[in-house]
Amino acid sequence: MDFHDSTEQAEWRKEVRSFVHEQRPETEADGGPPQYRERRPSEAFKDWRNKLAAKGWIAPAWPKEYGGAGLGVMEQFIMNEEFAEARVMGGGGMGTSMIGPTIIIHGNEEQKKEHLGAILRGEVQWCQGYSEPGSGSDLASLQTRAVRDGDDWVINGQKIWTSGAHNADWMFMLARTDPDAPKHRGITYFLLDMKSPGVTVRPLINLANGHMFNEVFFEDVRVPNRNVLGEVNRGWYLGTTTLDFERSSIGNAVGQRQSLEYYFKYIRDHKDSGPLVDTPAVKSEFADRWIEAAVAKTLSYVVVTIQAEGRVPNHEASIAKLFNTELSQRIARTAMKMLGTNGQLIDPKTAPMHGRAPQSYMQTVSSTIAGGTSEVQRNIVATRGLGLPRA
Ligand SMILES: Cc1cc2nc3c(=O)[nH]c(=O)nc-3n(C[C@H](O)[C@H](O)[C@H](O)COP(=O)(O)OP(=O)(O)OC[C@H]3O[C@@H](n4cnc5c(N)ncnc54)[C@H](O)[C@@H]3O)c2cc1C
């Protein structure tokens, strides 16, 4: 692993950095990770997004012919690192990171024409309909049924934890089309218009009092056969499709360090504001967190190095995800400890750091569940990394 940029990479980093410096939308420069700070007016965001789109940087991994930039993983990594350092977001979302690449590889011409341009122009929002009340880690056990009826499929069932379904125009979803086949082989991948009659979205409010995810119910929802992606009953295998995506979590690793810098500034500026703020115990914990943030960044470098060598990171990506998400919880706990009972104040107008520590304490709970739980990641490390037998 080489921590230094090659000459070409240094040039590329300079190009990205100066573009961000000149074109970035205005943000609150408070020193934390992007999710706390990107309260941009939507017009400014659209403007930023358009500038990214013009360079193909909305979907840097997509081939140029589909409006991407055709970048390699190392270039993507540098771009993601620079965006995170400048605390700006890339313009993509599930459209560019998940469903777009799946359509590029498995979609027919009609599907590409209908969806790819709309994703790049930011005209449509997508949500992911995979998890169900009884199927999360064991996703292949999903029970939502799709039955063929003439030119349509009729869908009945329920999805849960569907992030952004309340704002989504389309859902990419999995449904069981052959209940008699082995569980991985009877699932089909559908593109579903969220305005279809019979779709009901109900909000789920999380413990931080935020509305991010939802339950989605399907009652005799008709989906035209042309909205089947890939082959019927082969949907399971489409779900894992990626282009040459950078999977290092470098944005998270940079964000952890920025969070710590924010808390350190608070300690320096508020030494006398609470009994615990400036104590050796708290400072020693923060020192551990600082070292761990450096480890998180190194784990990102491990993942991207494997990818740059043309190999597929497997348990290494699980280690980076596991370490990063558990670190985000430890950082939030240390910040809460620093504030003592003041850590219970959450009103942005009156609480220390605008309530950032308790917000973070609650919000980071979900990070070790979303995208595969810590236990599942540990299973991957144990079986694929250490070669231990399955339990
Ligand atoms: C913030 C957030 C956003 C999400 N967004 C979406 C979305 O947009 N679309 C979507 O489809 N889903 C989404 N999910 C759902 C997410 O994918 C699931 O929550 C996750 O896969 C876990 O599934 P589950 O909740 O059913 O828990 P379960 O799988 O029931 O797990 C319960 C507990 O058992 C443990 N466990 C399960 N299996 C094993 C095993 N084999 N070995 C050891 N322990 C095990 C788990 O680690 C966990 O602690 C989101 C979740 C969160 C938290």
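Trainee: How far is the polar side-chain atom of Ser-163 from a nitrogen atom of the ligand?
Mentor: That distance is 2.7 Å, a polar contact (a pair of N or O atoms within 3.5 Å; within protein, one must be able to donate a hydrogen and the other to accept it, and residues adjacent in sequence count only if both atoms are side-chain atoms). Keep in mind that this is a predicted model, where local features need pLDDT of at least 70, side-chain atom pairs count only at pLDDT 80 or more, and totals for chains, interfaces and linings use all residues. Residues are numbered from 1 along each chain as its sequence is written, and side-chain values use heavy atoms, with hydrogens and water left out.

Trainee: And what does Ser-137 do with the ligand?
Mentor: An N or O atom in the side chain of Ser-137 sits 2.6 Å from an oxygen atom of the ligand. Trp-161 uses a backbone N or O atom instead, 3.0 Å from a ligand nitrogen atom.

Trainee: How much of the ligand does the protein bury?
Mentor: The protein buries 65% of the 970 Å² that the ligand exposes when taken alone; that area comes from the Shrake-Rupley method with a 1.4 Å probe.

Trainee: Which residues come nearest to the ligand?
Mentor: Ser-131, Ser-137, Ser-163, Thr-373 and Glu-375, out of 17 around it. Being around it takes a heavy atom within 4 Å.

Trainee: New topic: Arg-13. Buried or exposed?
Mentor: Arg-13 counts as buried because its relative accessibility is 13%, and the cut-off for buried is under 20% (1.4 Å probe, protein chains only).

Trainee: Which residues is Arg-13 in contact with?
Mentor: Beyond its neighbours within four places in sequence, Arg-13 is in contact with Asp-5, Ile-78, Glu-81 and Glu-82; contact means heavy atoms within 4.5 Å. With Glu-82 there's a side-chain to side-chain polar contact at 2.8 Å.

Trainee: What about Thr-364, buried or exposed?
Mentor: Thr-364 is buried, at 10% relative accessibility. Leaving out residues up to four places away in sequence, Thr-364 touches Ser-328, Gln-329 and Ala-332.

Trainee: Last one: how many residues are in the largest nonpolar core?
Mentor: That core has 62 residues, and Trp-57, Phe-83 and Met-338 are among those with the most contacts inside it. A nonpolar core is a set of buried Ala, Val, Leu, Ile, Met, Phe, Trp, Tyr and Cys residues joined through side-chain atoms within 4.5 Å. A second, separate core has 18 residues, including Phe-218.

Notes
Buried means under 20% relative accessible area, exposed over 50%, partly exposed in between (1.4 Å probe, protein chains only).
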